[in-house]
Amino acid sequence: MRLLGDSISRVFLTGGSGFIGSHICDKLLAQGYEVTAYDNFSNGRREFTAGHLSNPNFKLVEADCLDLPTVTKEMAGHDLVWHMAANTDLIGSHAQPARDLNDCVVATFNVVEAMRQNKIKPILFASSGAVYGQLCLENHVNETAGPLSPMSTYAAGKIGSEAFISCYCHLYGLHGWMFRFGNVLGSRVTHGVIFDFIKRLRENPKELMILGDGTQKKNYFLTEECIGGMAWSFVNIPMNDECPCDVFNLGTTTVTRVTEIARIVVEELGLTGKTEIKIQGTKRAWLGDQPKVHFTVEKINKFGWYCKHSSDEAVRTAVRRVLGKEQG
Ligand SMILES: NC(=O)c1ccc[n+]([C@@H]2O[C@H](COP(=O)([O-])OP(=O)(O)OC[C@H]3O[C@@H](n4cnc5c(N)ncnc54)[C@H](O)[C@@H]3O)[C@@H](O)[C@H]2O)c1
């Protein structure tokens, strides 16, 4: 069975040269889909999709989702929109709050407006568990949790995007699958805790400072599980005019503490006993950080999709992939 089934041939993928987006390109092209990767390279990397440039089924468009005429023109003729583009600089986002308004909310508005003009129905959207804010610090929340009061401009951007996708589904006949992810890990990761720890340990193997108070616990899962879960939902959870869109938590219910991630990274780098792991001691790792992200995935489990690996397994595998010890 192909990832998106046989009703889809041409996929318009925003953020297609980013970390997760480039893995989506690999998987879709390997199964014979045609893919247009639309990316402004604010955080994408050319080398992630360079290997596909000679593939006639692949088209790379270097352009911005904020450019509505271009996104509308380039989207024409596609069967499905997979919307991954967003500002993902979580640590820096509070210093440039307009980035989340633009690259998330306005970009998403333009994407659904371009879909309306091009009469394209299905959209898969990468939202985030960050939308739950304080609600998921202690309790494991499901998709009905609310009221949502975001703790970061990033989370506010995702809530605004979900809102525009939902209303375009109800007003203009789009069908939307929106996924509130845990933390996604794998090769090519360009941000986040594993990337940061490895980078800093390469600069100074003697010491690793953990930001925050060291009690942070989040759920981690691998790129292939994230991509597989989104595609599986599109194929197996049909939308219709009565229920044109839905939101799903996606990931694992297990969590990994930041100190355990540090231990695994140090071990996989062969630095056990050589690196002193220190804890900064501040309440939050950065302004807008959400130290604990706990959610349930019972809704998608009931439909029949399960994450195969625990959060700890995903962390270990991802570290090994980033270090080139494993493929994937
Ligand atoms: N990585 C995670 O753990 C995680 C968790 C939850 C949600 N998400 C969401 O998944 C999506 C992909 O994340 P990622 O980790 O691959 O990040 P990423 O930064 O690697 O990918 C985002 C891509 O979007 C592009 N982009 C940003 N703004 C754009 C714009 N205005 N127009 C065109 N392209 C633009 C960037 O250049 C980049 O290539 C994002 O929406 C992110 O919020 C990721």
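Predicted model: local features only at pLDDT ≥ 70, side-chain atom pairs only at ≥ 80, totals over all residues.
Visitor: How many residues are around the ligand, and which come nearest?

Guide: There are 30 residues around the ligand. Those that come nearest are Asp-39, Asn-43, Thr-88, Tyr-154 and Val-184.

Visitor: How is the protein chain divided into domains?

Guide: A domain may be assigned from separate segments of the chain, as here: domain 1 covers 10-184 + 220-250, and domain 2 covers 189-218 + 254-291 + 308-322. Taken over C-alpha atoms, the centres of domain 1 and domain 2 are 27 Å apart.

Visitor: How should I read the size of the interface between domain 1 and domain 2?

Guide: Interface size is often expressed as the accessible area lost when the parts come together. Here domain 1 and domain 2 bury about 1,900 Å² between them. Of that area, 59% is on carbon and sulfur atoms. In terms of residues, 23 of domain 1 are in contact with 23 of domain 2.

Visitor: What polar contacts and salt bridges link domain 1 and domain 2?

Guide: Five residue pairs are in polar contact between domain 1 and domain 2, counting pairs with both residues at pLDDT 80 or more. The rule also finds one salt bridge across this interface. Glu-224 forms a salt bridge with Arg-321, and their closest N and O atoms are 2.8 Å apart.

Visitor: Which elements give two or more residues to the side of domain 1 that touches domain 2?

Guide: They are β10 (220-222) and α7 (223-236). By class, this side of domain 1 has 12 nonpolar, eight polar and three charged residues.

Visitor: How many salt bridges does the rule count, and what is one case?

Guide: The count comes to 22 salt bridges. One of them joins Glu-34 and Arg-10, with the closest N and O atoms 3.2 Å apart. This pair links distant parts of the chain: Glu-34 is in strand β2 (residues 34-39) and Arg-10 in strand β1 (residues 10-14), 24 residues apart.

Key:
Residues numbered from 1 in each chain as written. Heavy atoms only, no water. Domains from an automatic or database assignment. Contact = heavy atoms within 4.5 Å. Buried area = accessible area lost by both parts, 1.4 Å probe. Salt bridge = Lys/Arg side-chain N within 4 Å of Asp/Glu carboxyl O. Polar contact = N/O pair within 3.5 Å; in protein donor to acceptor, adjacent residues only side chain to side chain. Helix = DSSP H or I, 4+ residues; strand = E, 2+ residues; numbered from the N terminus. Nonpolar A, V, L, I, M, F, W, Y, C, P; charged D, E, K, R; others polar. Near = heavy atom within 4 Å.
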